[in-house]
Amino acid sequence: MAGRKSSPSADQPAGVATAAGLQRREAATADAGDAAVQAVLSSLSTFCVARVPAGDRLCVALSGGRDSLVLLDALQRLALPNALSALHVNHGLSPHAADWACFCADFCAARAIPLQVIELAPIASDGEGLEAAARRQRYAAFARCAADWLALAHHRDDQAETLLLRLLRGAGVAGAGGMPAERALHADPAPAGGSPARAPRLIRPLLDLPRATLTAYAGHFGLRWIEDESNADCRHRRNFIRHRILPPLSSVFPGGSAALARATGHFAEAALLLDELAQLDRERLAPAGGRLSLAALNSLTDARARNLLRHEMRCAGLPAADARWLEEARRQLASTRATAETCVALPAGSLRVFRGELYVLPRLPPLPSALPWSFDGDAVLDWGGRRLLLRRTIGAGISLARLAEGAAHFALRCGGERLQPDARRPRRSLKNLLQEQAVPPWQRERLPLLWCGGQLVWAAGIGVDAAFACAAGEAGVQLDWEGLSSAAVVASPLASSSAN
Ligand SMILES: Nc1ncnc2c1ncn2[C@@H]1O[C@H](COP(=O)(O)OP(=O)(O)OP(=O)(O)O)[C@@H](O)[C@H]1O
């Protein structure tokens, strides 16, 4: 658990011993230490050589605890053909936080390893604890790290604990797959006009090694580390499993922890197969990446339909839904007529049916009620979590001269708007135009509209009013809402992700 650590410590041999006993034990410890060093270095080398190309930048997420120190120490000893650095995140949650950052700085300085310390002040959002907020922000900081690979020091016993924790929380096959050895991290969206930062890939090179091996390695080299005082607190569920469940379990099932960690691999493989089945179903029912129809979904067996729904939700960036939510969603969709407009609520979004087709919608960020118009050149604005692009043009889009004639601003629909996108046809109600373009009702309420002097100039998904259209050779501006200057508006917000 990253968060509360006390002062640096090293492993102390327990108990009193005779000189001969002590010698025997020292010899045995030395053997165990040698074996542990071998195990760590060869496992780490195999892992990194297979995944991290020479020349890539490799950074270790350094909490100051034993495991991440072992990882950094071992990587330096291996002298791989990669620039090695470390990253410490200081959450500032503990009175000792500054000491931990200093400890990491001293450790890295003594070894000439560049260290970046990121200071955070976690703020919990709705229903989130402070530890969860710290974790979320820590992973966001990891995604901003200037490296190609970011290595975390989770080990095999962490994996076993994670499996038990997740099963007890009701995880399904994918959740029981545990922490992956490698996955993508997602950087924040690019600032207006900027190119998106490239996030490193997260790796866990120690995932196959037991905690005891890392302890023996640290003992062999006399490493000192910071002990997390909260690791002993069994009010935390993970600690309860670590101290009260796994030790007695291992005394009856000596390889129990390893078997649990192995089971995550079986679950991960099963999850992969289920995903492949969902993709096959999708390709068969909605060829060429088209939208899934309700009728097609309802032609599947219950289990297969739920599997496909789970897949669709993941593709839309929604967190995995509890089995009960999925069952309820399946039940409601199975009893829906293909023509009806249905909305099934999900914990972080909704499933909607419109004109017989299925839409998976993440909960969308709030919209501004209005936004003043200003145009000094190409720009990207945020409108409800999606990009509103303003591009200078000649002879296309909205006439800048006409726009300058009145006060202009963006606003939401409030009903009764009229627009004349085609000068040869009469002015029409926006509602009618949106229906004609098959823009789903929930999207109609989110579209940005541009007004000037009390007149509607432009509606996302529809186009420009003829009175404001740019003449040939005239300076103009082209507006796009996430690439949608007309029709078909999709519902995905700007990318976000959270996973282990
Ligand atoms: N504050 C932090 N700064 C940088 N990396 C961190 C931080 N907290 C955790 N990590 C990374 O995440 C891994 C898992 O975190 P976890 O909280 O389980 O471990 P820990 O007990 O804090 O530290 P360790 O695993 O190094 O003993 C760590 O091994 C480390 O690589």
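Phe103 is buried, since 21 other C-beta atoms lie within 10 Å; a residue counts as buried if 20 or more other C-beta atoms, placed from the backbone, lie within 10 Å of its own, as exposed if 12 or fewer do, and as partly exposed in between. This is a predicted model, in which local features need pLDDT of at least 70, side-chain atom pairs count only at pLDDT 80 or more, and totals for chains, interfaces and linings use all residues. Residues are numbered from 1 along each chain as its sequence is written.

Phe103 belongs to helix H3 (residues 97–110). Helices (H or I, at least four residues) and strands (E, at least two) are DSSP runs, numbered from the N terminus. Between Phe103 and Ser63 there are 40 residues of sequence separation, while their C-alpha atoms are 9.8 Å apart in space.

The domain assignment divides the protein chain into domain 1 (8–265), domain 2 (286–362) and domain 3 (370–481), with bounds that come from an automatic or database domain assignment. A distance of 52 Å separates the C-alpha centres of domain 1 and domain 3.

Helix H8 (residues 256–285) packs against helix H10 (residues 302–315) at an angle of about 95°, and their axes are 9 Å apart. Axes are lines fitted to C-alpha atoms, for helices over the stretch in contact, and angles run from 0 to 180 degrees between N-to-C directions. H8 and H10 are therefore roughly perpendicular to each other, the term for angles of 65 to 115 degrees, whereas those under 35 count as roughly parallel, those over 145 as roughly antiparallel and the rest as oblique. Among the residues that meet are Leu274, Leu277 and Ala278 in H8, and Leu308 and His311 in H10; contact requires C-beta atoms, placed from the backbone, within 7 Å.

Strand E10 (residues 349–354) pairs with strand E11 (residues 357–362) in the antiparallel sense over six bridges, where pairing requires that DSSP find at least two bridges between two strands. Val353 lies opposite Leu358 in E11. Two residues separate the strands of this hairpin, and Arg355 takes a positive phi near 50°.

Phe410 stands opposite Leu450 in E19.

Notes
Contact = placed C-beta atoms within 7 Å.
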